Amino acid sequence: MLINILWLIILLSFEATLGLPLFFLYLASQLLDRHGERVALFGCFALGLLLSIFYGVSWPLVSVTLLVWYVAKTFLVDRHLWLLLLYVAWQASFFFLADLNWHYFYLVHVAVFTWYFFRKNLRK
Amino acid sequence: MLRTRLHQYLFACLLLFVLFFLQFLRLLDLSGLQHLASWWKSQNYLLLQQLGQPLRRLQNFWNLSARLEDLQYRYSEAAATAIQVKSLERENQELRRMLENTDRNYSQVVISAPLVSFAQSFVAAGQRSGVQLGSAVLHQGTLLGLIDQVEERQSRVLLLSRMGERALLAQTNQGVLGLVRGSGREILLTEVPADAELALGDLVYTKAQEGIKEGLLIGRVVKVDRDNKALATQTAAIEQLVDFFAVALVEIQ
């Protein structure tokens with residue numbers, strides 16, 4: 001667990017250097033899914049804190065978006081396409097919240113993440 | 001179960017409220033941690049820059065090839081401009097040389113550039129410039145031809161080498177008289193008495209006649225045809241010292 005958290009923080013630091021936290025949020029929510037709901041809810045606040053530190057956004061505001069994401073996710077179990085759309089919506093809202101700038105590297109980043117998501121969830 | 005879940009959600013909402021409230025009171029200060037994160041991100045950036053160095057070098061190579069193409073294009077443009085400038089410079093020098101020659105009467109002389117179109121010889125001056133039919137076309141005192149057609153803005157030049165029907169009275173520097181005609185390819189000094197002394201290298205000048213001044217250089221004798229002893233005349237080939245197609249400016253008088 002501790003190694004996972006450390007690895008996630010390193011991943012977040014790199015993603016924060018380059019752009020959106022695509023892999024960080026996905027891997028962190030997967031880590032939270034393995035624990036109970038109470039841990040997951042508080043985990044959302046912890047993730048919000050990390051995101052606010054690395055991206056300089058408001059902690060409570062990011063926590064709200066994370067909680068909304070978490071609650072919506074519980075209704076969309078095994079609906080991978082909807083889950084992906086919801087994830088895209090969260091990332092888009094975070095893009096505007098953190099006042100990020102478009103970069104061509106996003107094309108690579110998003111492509112690699114899409115491939116990863118497809119490999120993990122949609123490939124039988 | 002549902003009740004527990006509701007309690008958890010309510011607690012999360014309460015926590016959110018507290019966080020918003022703390023932020024409103026400016027008690028939620030994360031600037032220290034954010035500075036630390038910024039430093040960490042800058043280190044990451046340096047690391048990523050080092051990792052991306054080969055990629056950037058590759059991109060530079062790509063840009064270099066684009067720049068090289070651009071430079072080649074500019075070079076060809078500059079070369080074309082340089083040729084124009086060189087031609088203008090030649091023209092300018094010719095003009096200066098002509099202007100320095102003080103015995104020229106500019107009311108009777110038109111200075112123009114030769115035009116070459118499909119091996120036809122023209123000058124860029126016509127009726128508007130006062131060019132008249134039969135005027136002599138000269139370059140540095142050498143007679144190149146006569147105007148045989150005048151248009152509004154240009155005139156056709158009948159070069160001496162193409163002057164088959166008309167003949168000019170000429171005299172060598174040794175005093176030998178003859179008629180200058182064109183064979184289509186070369187200028188000939190014809191009707192020279194067979195006993196006249198024609199030598200290679202003799203200079204041929206015009207004699208005074210209608211529309212032509214005396215003393216205009218035509219060229220020098222490069223070949224004398226004396227093979228047929230039965231003929232009463234001899235013929236010599238004349239080479240001009242300047243070429244109409246190579247000069248920048250000509251005088252029409």
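Student: Before we look at the strands of this predicted model, what decides whether a residue is buried or exposed?

Tutor: The test is a count of neighbours around each residue, taken from C-beta atoms that are placed from the backbone.

Student: Which residues make up the covered face of strand E7 of chain B?

Tutor: In a regular strand the side chains alternate between the two faces of the sheet. Strand E7 of chain B covers residues 168–172, and its uncovered face holds B:Leu169 and B:Gln171. The covered face is made of B:Leu168, B:Ala170 and B:Thr172.

Student: Which residue of E10(B) stands opposite B:Thr172?

Tutor: E7(B) also pairs with strand E10 of chain B, residues 203–206, through 3 bridges, and this pair likewise runs antiparallel. The residue of E10(B) that stands opposite B:Thr172 is B:Val204.

Student: Staying with chain B, is B:Ser112 buried, partly exposed or exposed?

Tutor: B:Ser112 is found in strand E1 of chain B, residues 110–112, and, leaving out residues up to four places away in sequence, it touches B:Val123, B:Ala124, B:Ala125, B:Leu249, B:Val250 and B:Ile252. The count for B:Ser112 is 19 other C-beta atoms within 10 Å, whereas a buried residue needs 20 or more. B:Ser112 is therefore partly exposed.

Student: How many of the residues on the side of chain B that touches chain A are nonpolar?

Tutor: The contact between the chains takes 18 residues from chain B and 18 residues from chain A. On the chain B side, helix H1 (2–24) and helix H2 (31–51) each supply at least two residues. Those residues of chain B include 4 polar and 2 charged ones, and the number that are nonpolar is 12.

Student: How many residues of H2(B) are buried?

Tutor: H2(B) has 21 residues and reaches 30 Å from its first C-alpha to its last, which is close to the 30 Å expected at 1.5 Å a residue. This helix is hardly covered, and among its 21 residues the count of buried ones is 1.

Student: In chain A, are H4(A) and H5(A) roughly parallel or roughly antiparallel to each other?

Tutor: The axes of helix H4 (residues 59–75) and helix H5 (residues 80–97) of chain A come within 11 Å and cross at roughly 175°. Residues of H4(A), including A:Leu61, A:Val62 and A:Trp69, meet residues of H5(A), among them A:Leu83, A:Trp90 and A:Phe94, and the residues of this contact divide into 9 nonpolar, 2 polar and 1 charged. Angles over 145 degrees count as roughly antiparallel, and H4(A) and H5(A) are therefore roughly antiparallel.

Student: Which residue of chain B is in contact with A:Phe54?

Tutor: A:Phe54 is found in helix H3 of chain A, residues 37–55, and it is buried, with 24 other C-beta atoms within 10 Å. The C-alpha atoms of A:Phe54 and A:Ala16 are separated by 6.2 Å, although the two residues are 38 apart along the chain. Leaving aside neighbours within four places in sequence, A:Phe54 is in contact with A:Leu12, A:Ser13 and A:Ala16, and, from chain B, with B:Ala37.

Student: Is A:Asp99 buried or exposed?

Tutor: A:Asp99 lies in the loop between H5 and helix H6 (105–122) of chain A, and its phi is near 55°, a positive value in a residue other than glycine. Because A:Asp99 has 9 other C-beta atoms within 10 Å, it counts as exposed.

Student: What value is phi of B:Arg26 near?

Tutor: B:Arg26 has its place in the loop between H1 and H2 of chain B, and with 7 C-beta neighbours inside 10 Å it counts as exposed. Its phi is positive, in a residue other than glycine, and is near 60°.

How values were computed:
Residues are numbered from 1 along each chain as its sequence is written. Chains are lettered from A and ligands numbered from 1 in the order in which they are written. This is a predicted model: local features need pLDDT of at least 70, side-chain atom pairs count only at pLDDT 80 or more; totals for chains, interfaces and linings use all residues. A residue is buried if 20 or more other C-beta atoms lie within 10 Å of its own, exposed if 12 or fewer, and partly exposed in between; C-beta atoms are placed from the backbone. Helices (H or I, at least four residues) and strands (E, at least two) are DSSP runs, numbered from the N terminus. Two strands pair if DSSP finds at least two bridges between them. Two residues are in contact if their C-beta atoms, placed from the backbone, lie within 7 Å. Ala, Val, Leu, Ile, Met, Phe, Trp, Tyr, Cys and Pro count as nonpolar, Asp, Glu, Lys and Arg as charged, and the others, Gly among them, as polar. The expected span of a helix is 1.5 Å times one less than its number of residues. Axes are lines fitted to C-alpha atoms, for helices over the stretch in contact, and angles run from 0 to 180 degrees between N-to-C directions. Angles under 35 degrees count as roughly parallel, over 145 as roughly antiparallel, 65 to 115 as roughly perpendicular and the rest as oblique.
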